[in-house]
Amino acid sequence: MKKLVKNKSILYSIAFVFVLSACNKDLQPYDSKSNDVALVTPDDIQIATYGNYSMLVAEAYTRHLLTLNEWPGDNVVQSGADGDQASLGASYRHIPGMYPTTDFWAQSYRLIYATNLIIERIRDGESAQLDQLKGENLFLRAMAHFNLVRLFGRPYPQGKGSNLGIPIKRDTETEDLPTRNTVKEVYEFVINDLLTAVNLMSESKNSNFASKEVAEALLSRVYLYMEDNENAILYANKVLESNRYQLATTDVYIKSPTLVPESNPETIFNIRHTISDNKDKNAVGSLYYNDPATLSTGWGEYYASQALMDLLNENPQDARLSFITPHYIDGQLQYRGTSPQYFINKYNWQEGIANLSSPVYLRLAEMYLNRAEANAKLGNMQAAIDDVNIIRQRARLTGSAAYSLTNLKGRGTVLAVVLEERRLELAYEGQRASDLYRNNLPLVRAYPGLHGTDNFNFRVEPTSPRIIYYIPEREINVNPNLIQNP
């Protein structure tokens, strides 16, 4: 994809130099082409859309999207001090000037601006090709807003969306100084974009690109996060019943990090990284993994937590143990400080390259788990358990390892069963902390690691101001209309 754009010698949607901030942009046209000249024909718009997908590949987007969402959870442990400021999120000591949030905010609004360039230029119904491209850009715009509001706005159930979120940007005006919309307003905007995209898109593209089902899958997640359980089920069902995707077999599932994602029947949407996109030791996989045979492939300073390992080891046949590589020397598990070195390999070895990965943003297993959680909250307990067992069966957890309404294995409630299964299945995919806080549950790290003031009894309540990040200081300095998070 990225190679195709380069071969055309035009990077339309990343053809602008953004200075000062994402909310105050001085745009300089690339190759002296104005937007009106650069975006004329359907081929122009197609190439520009490729460019918009390529913006996701930037380190300022993908790596920060994953670390800022995952490291505040309890599936990962920071083993020691490091120079990556995303670790401030792991310890809940983040600051307004940290570069991961600053860069992610800026890259997100660059992407939003680039999608708006295209959305503004296409009238609905001009052609099936242009409708498809408009739909793809609406999906990207919705995804960008949703990913932002998750990091900088409080969970929707807190105040029913009345808290401040992020500025909605629906046009290409560059001189405005927008205020923050509420979380509810952002969610409504995201949903409207996705519903419109569903109606516009008619091509069944592979998982590197948006399609009707991709938008429906994100709608299921968005509705679940806002506790609209009926619609979370509705859109999960639409994806499941489309028959476009199938759960990977256990063998394929185990090998999935090594595969090109479009070859995995479970992948709905991924952020495609080709060999030329390899970030090597700047890739997210390098932060989690260092090949035990050579100890030269990465930094490997963020390990699977002991709490997660204890859950996985309840069933030694659990296929998800394949995504953990313990570091042994002469049969002895190695430690860094007090932390056992459980390397995480979920973002490694695509096409045989140690740190190459195309992070999966949406996959079919999540649709089952979205539906399970929503059904549990609606009182449809058997349906919830059935979906959990579908995921467990693929992980080789059958027979006595399966759940039933009369045997919840000490978990207490069906909802607790579902949330634990989400924890196991979606580990390191950036959802665990959100799953806790949107369900009004605390984060508890009663295991070794560099957590904060009390490294063996670290607890964060869902009401804490630090479960979301500060608005980047650079944006506050440029735009006096932005109110900082407390």
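Predicted model: local features only at pLDDT ≥ 70, side-chain atom pairs only at ≥ 80, totals over all residues.
Among contacts in the protein chain that link residues at least 6 apart in sequence, 69% join residues at least 24 apart. The protein chain contains 18 helices and 12 strands. Along the principal axes, its C-alpha atoms fill a box of roughly 65 × 45 × 45 Å. The radius of gyration is 22 Å, which agrees with the value near 23 Å that a compact globule of 486 residues would have.

Next comes the question of what is covered and what is open. Of the 486 residues in the protein chain, 61% count as buried. The accessible surface comes to about 17,900 Å², and carbon and sulfur atoms account for 50% of that surface.

Ala217 belongs to helix α9, which covers residues 212–225. The relative accessible area of Ala217 is 0%, and a residue counts as buried when this value is under 20%, so Ala217 is buried. With neighbours within four places in sequence left aside, Ala217 is in contact with Val239, Ile268, Leu362 and Met367.

Beyond the neighbours within four places in sequence, the contacts of Asn375 are Ile233, Asn380, Ala383 and Ala384.

Salt bridges come next. A search of the whole structure finds 36 of them. One of these pairs is Asp84 with Arg63, whose closest N and O atoms are 2.4 Å apart. Asp84 sits in the loop between β1 (76–78) and α5 (87–90), while Arg63 sits in helix α4 (residues 62–70), so this pair ties together parts that are 21 residues apart in sequence. Both Asp84 and Arg63 are buried.

Another salt bridge brings together the side chains of Lys169 and Asp171, at 3.1 Å from N to O. The two partners fall into separate classes of accessibility. Lys169 counts as buried because its relative accessibility is 7%, whereas Asp171 counts as partly exposed because its relative accessibility is 29%.

A further salt bridge joins the side chains of Arg394 and Glu425, at 3.0 Å from N to O. Arg394 lies in helix α15 (residues 381–394) and Glu425 in helix α16 (residues 414–425), so the pair ties together parts that are 31 residues apart in sequence. Arg394 is buried, and Glu425 is buried too. Through salt bridges that share partners, Arg394 and Glu425 are part of one network with Glu266, Asp318, Arg320, Lys346, Arg363, Arg392, Glu421 and Glu429.

Tyr328 is found in strand β5, residues 328–329. Its relative accessibility of 47% is the reason why Tyr328 counts as partly exposed. Not counting residues up to four places away in sequence, Tyr328 touches Leu333 and Gln334.

Asn243 has a positive phi of about 60°, although Asn243 is not a glycine. This residue lies in the loop between α10 (229–241) and α11 (250–255). Because its relative accessibility is 60%, Asn243 counts as exposed. Asp280, also a residue other than glycine, has a positive phi near 55°. The loop that holds Asp280 runs between β2 (267–270) and α12 (284–288). At 42% relative accessibility, Asp280 counts as partly exposed.

Note on methods:
Residues numbered from 1 in each chain as written. Heavy atoms only, no water. Helix = DSSP H or I, 4+ residues; strand = E, 2+ residues; numbered from the N terminus. Rg over C-alpha atoms; globule rule 2.2 N^0.38 Å. Buried < 20%, exposed > 50% of the residue type's maximum accessible area, 1.4 Å probe, protein only. Contact = heavy atoms within 4.5 Å. Areas by Shrake-Rupley, 256 points an atom, 1.4 Å probe, with all protein chains shown as cover. Salt bridge = Lys/Arg side-chain N within 4 Å of Asp/Glu carboxyl O.
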